[in-house]
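Have the structure open as you read.

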Amino acid sequence: MTRRVQNLNSLVRGRIRPSMNKYNLFNLYKKSKPNFRIMTLYQQKWASKQETRAYHGEHIKENRWQTLFEKKLEGVAQLDASLKGNVPSTPMVLQTFAPLEKRLDYVIFRSLFASSVRQAKKFILNGHVKVNDVVIKHPSFTLSPGDVYSVDPERVLEALGAKKPSLKEAYKVDKFQVIKWQEYVNEVKENPRKVWEKKLEKQKKINSLYSGYNVEGILTENSNRSNDDAERKKNMQDLKIKKMKEIQNSIDRKSVLKDIIKTVPPKSTNINADLFKEKFGDKLSAKAFSIYQQLPANIVNIELDKDLHNEINKIIPTYKDGKVIGEIYDDSNFKKIRSQISELHTEYLEKIRQDFTEKPLAQDELIKMWSEGLKKHSPLPPLSEVEEKGGYYLRLPWQRGMYGLQNPSKSYFTPWKPRQFLPVFSILPKHLEISFSTCHGVYLRDPVARPGESEVISPFDEDIHERSYMYYLKNGM
């Protein structure tokens with residue numbers, strides 16, 4: 001039978017539990033060692049028994065635990081220990097609660113597949129745990145050396161993931177973020193250079209904190225060198241590439257043909273390849289001029305944009321399901337024009353790429369590109385409307401979807417991130433082999449004690465376990 005939950009995480013009692021709860025972490029932090037000097041022997045054993053049982057098998061009733069208790073403690077020692085000096089003692093008394101470490105619920109918790117022993121028990125009872133590819137629904141199932149166990153990965157993500165916020169909590173966070181983003185964009189639009197320099201200064205301070213350290217945090221010889229220039233060049237290069245892709249994506253064969261026609265002023269008499277150099281460059285101006293000469297006069301002299309658009313659609317038609325939409329000029333001359341426009345389009349895209357990669361951009365132009373790329377986010381709808389619809393649209397530079405609710409169907413924070421204070425409890429025992437990528441584990445052997453260490457994880461010292469062992473050794477006497 002499972003012991004009922006009563007003040008499990010009480011900060012007044014301050015018991016340490018087998019859990020990753022933040023209140024349990026606080027109790028662990030403030031826990032002080034019992035003052036055995038003012039206690040009788042029985043009081044010492046009773047206090048030690050209370051402390052250790054609160055952590056080891058707190059969900060198991062006392063009568064049940066006493067049937068599991070073994071007087072013989074397992075340990076190993078070096079064969080030549082008597083021949084060596086300064087050999088550490090073997091903490092055998094820490095093996096008092098070793099029988100619990102063989103249970104399936106404790107193994108799941110020790111493997112970091114659950115945030116507490118009680119949650120591990122819940123996973124087992126609900127059929128989310130397998131041993132040797134067989135579903136086991138008994139938390140007290142005793143593992144044998146070599147057994148392979150696994151937990152449903154979705155349950156592990158739930159156990160070790162951050163808490164999922166409510167829709168109201170997510171809305172409150174996102175509304176604040178949108179307001180701050182609008183203020184930032186307004187500030188950039190008013191004075192882009194000031195904000196740009198402020199960003200560089202902030203990055204410079206960050207780099208100065210880590211200058212001279214490698215990726216492993218080790219101080220190198222060039223500790224005074226700064227990576228500001230490299231970081232600045234990288235940011236500029238990213239802006240150049242972004243702008244280049246925007247321009248390239250806006251150019252197609254129809255836009256190239258339109259630029260060719262629009263380049264020549266209306267009713268112009270002196271038409272040559274030099275007119276196309278500003279738009280297409282020295283190498284492509286002759287090809288653009290050749291295409292212009294092959295176009296009929298009724299097309300190049302069109303003044304209305306609507307009529308020009310219709311004529312361009314006839315020269316370079318739109319296809320759907322392999323069929324032409326609308327009319328098309330299908331004689332040999334226009335086929336030749338289409339072929340030349342395709343070649344010019346390809347070469348023009350390459351020219352744009354070379355212009356951005358080979359020619360350095362001025363800082364003013366970079367700042368302008370950066371400031372123009374920042375767009376305001378539309379205000380969030382009222383909370384009443386959000387609760388009625390069950391969500392809202394959000395797309396910020398650092399976040400896609402609602403805060404913590406990118407996938408509302410999941411029971412944990414999405415996109416997934418580890419729960420709070422998880423590193424404090426990330427301790428893996430030596431008798432288990434864990435694979436977090438597949439949520440599998442192997443029970444290598446029963447936990448034993450060795451000189452200087454025990455494979456039973458416990459937050460209590462050896463003297464507390466010693467008195468606890470004495471209590472159960474004589475049935476509480």
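Axes here are lines fitted to C-alpha atoms over the stretch in contact, with angles from 0 to 180 degrees between N-to-C directions. Helices are DSSP runs (H or I) of at least four residues, numbered from the N terminus.

Who touches whom? On the α2 side the contact (heavy atoms within 4.5 Å) includes Tyr42, Trp46 and Arg53, and on the α17 side His465, Met470 and Tyr472 are among the partners.

By the way, this is a predicted model: local features need pLDDT of at least 70 and side-chain atom pairs 80 or more, while totals for chains, interfaces and linings use all residues. Residues are numbered from 1 along each chain, and side-chain values use heavy atoms, without hydrogens and water.

Next, α10 (residues 253-263) and α11 (residues 277-294) have axes that come within 11 Å and cross at roughly 85°, so this pair is roughly perpendicular too. Val256 and Ile260 are among the α10 residues in this contact, with Phe280 and Tyr292 among those from α11.

| α2 with α17 | seven residues | five residues | four residues |

Now for the largest pocket: 26 residues line it, with Met20, Asn21, Lys22, Ser115 and Arg419 nearest its centre. Helix α5 gives the most to this lining, with three residues.

Technical notes
On a 1 Å grid over the protein atoms alone, a cavity is a set of points where a 1.4 Å probe fits but cannot get out, and a pocket is an open set with protein on both sides within 12 Å along at least five of seven lines; lining residues have an atom within 4 Å of a point. Helices (H or I, at least four residues) and strands (E, at least two) are DSSP runs, numbered from the N terminus. Angles under 35 degrees count as roughly parallel, over 145 as roughly antiparallel, 65 to 115 as roughly perpendicular and the rest as oblique. Ala, Val, Leu, Ile, Met, Phe, Trp, Tyr, Cys and Pro count as nonpolar, Asp, Glu, Lys and Arg as charged, and the others, Gly among them, as polar.
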